[in-house]
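Work through the exercises below with the sequence and the coordinates at hand, and try each task before reading its solution.

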Amino acid sequence: MVFQLTSTPTSDADELLTVDDLAARTGMTVRTVRFYAAQGLLPVPLRLGRMAYYGPQHRIRLEFIRELQDYGYTLAGIERYLQRLPFDASPGELAVYRAMLVPWEPEAAEELTLSDLERRAGRPLNGEALEFLIAIGVLAAVGAERYRAAPSMLAMGIEMLEMPLPNQVLREAAGVIDENATAVAEGLTEVFRKGFWEPFRRGDLADVDQEQLAAVVQRLRPLAIQGLVSAFERAADRAIRQSAE
């Protein structure tokens, strides 16, 4: 992993923090802060003599890292996203990144044991059933017999298990949905990046501030979801009519 590191001195002495202060301010251990610094996820600290000092940008990035961890992002995923976040990003710009990167889930995922899952399902879940739920994206394995799942998604997955259809058919259907949803999401992200985010960063959108941009991202989510549902309904109707001809 390659980062171009630069120092980030600050003129406000009150904002200078030692590594112990930074760890306490962000609720992390000193060891964790140093680990992220060694991974290139933090700007180089300001050095005054033999002491290293950290400023607002270090605190902002650490708080962002913690948020991404809470959303279930892996270290590799965090590294990928932080590569897009300039070291000198302002709090307002960070708010936009947060709005874009927060998972599009209608509800928070829960961590469940196998016993919890079976209680929700009202039946034992064998290896094949668990593999199926993981394959279609309902479950994410996080440890030995421990999983993460959003309640509504889990309910949908359990209902699919009850259908009198081979799991392979359901898995292939889920794969088609996932593949096309990924293409749509990547296309919309590219449109937003080229048409809105990059012009905003260049200063071409003088009438839009950072808070407004973050609000736009949040508002786009339900609109995009509703648009996808409507488009799918129309496409499904066309496909059914064509297959019947």
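The exercises that follow concern a predicted model, and each task is followed by its solution.

**Exercise 1. The overall make-up**

Task: State how many helices and strands there are in the protein, and what share of its residues is buried.

Solution: The protein has 10 helices and 5 strands. Of its 245 residues, 31% are buried. As for the contacts with a separation of 6 or more, 66% are accounted for by residues 24 or more positions apart.

**Exercise 2. Arginine 61**

Task: Decide whether arginine 61 is buried or exposed, and list what it is in contact with beyond its neighbours within four places in sequence.

Solution: Begin with the location, which is helix H3, spanning residues 56-70. Next, take the relative accessibility of arginine 61, which is 2%; because buried means under 20%, this residue counts as buried. Finally, leaving aside neighbours within four places in sequence, arginine 61 is in contact with Leu41, Leu42 and Pro43, and also with Leu82, Leu85, Pro86 and Phe87.

**Exercise 3. The packing of H1 and H2**

Task: Classify the arrangement of H1 and H2 as roughly parallel or roughly perpendicular, and name the residues through which they meet.

Solution: Two packed helices are described by the angle between their axes and by the distance between those axes. For H1 and H2 (residues 30-38), the angle is about 105° and the axes are 8 Å apart. Since angles of 65 to 115 degrees count as roughly perpendicular, that is the description that applies to H1 and H2. On the H1 side, Val19, Asp20, Leu22 and Ala23 meet Val30, Val33 and Arg34 of H2. Sorted by class, this contact has 5 nonpolar, 2 charged and no polar residues.

**Exercise 4. Strand S5 and its partners**

Task: Determine which residues of S5 form its covered face, and with which strands S5 pairs.

Solution: In a regular strand the side chains alternate between the two faces of the sheet. In S5 (residues 146-149), Tyr147 and Ala149 form the covered face, whereas Arg146 and Arg148 form the uncovered one. S5 pairs in the antiparallel sense with S3 (residues 110-113) over 4 bridges, and in the antiparallel sense with S4 (residues 140-143) over 3 bridges. Arginine 148 is the bridge partner of glutamate 111, and alanine 140 also stands opposite arginine 148. The hairpin of S4 and S5 has 2 residues between the strands, and there glutamate 145 takes a positive phi near 55°.

Terms used:
Residues numbered from 1 in each chain as written. Predicted model: local features only at pLDDT ≥ 70, side-chain atom pairs only at ≥ 80, totals over all residues. Heavy atoms only, no water. Buried < 20%, exposed > 50% of the residue type's maximum accessible area, 1.4 Å probe, protein only. Contact = heavy atoms within 4.5 Å. Axes fitted to C-alpha atoms, helices over the stretch in contact; angles between N-to-C directions. Parallel < 35°, antiparallel > 145°, perpendicular 65-115°, else oblique. Nonpolar A, V, L, I, M, F, W, Y, C, P; charged D, E, K, R; others polar. Pairing = 2+ DSSP bridges.
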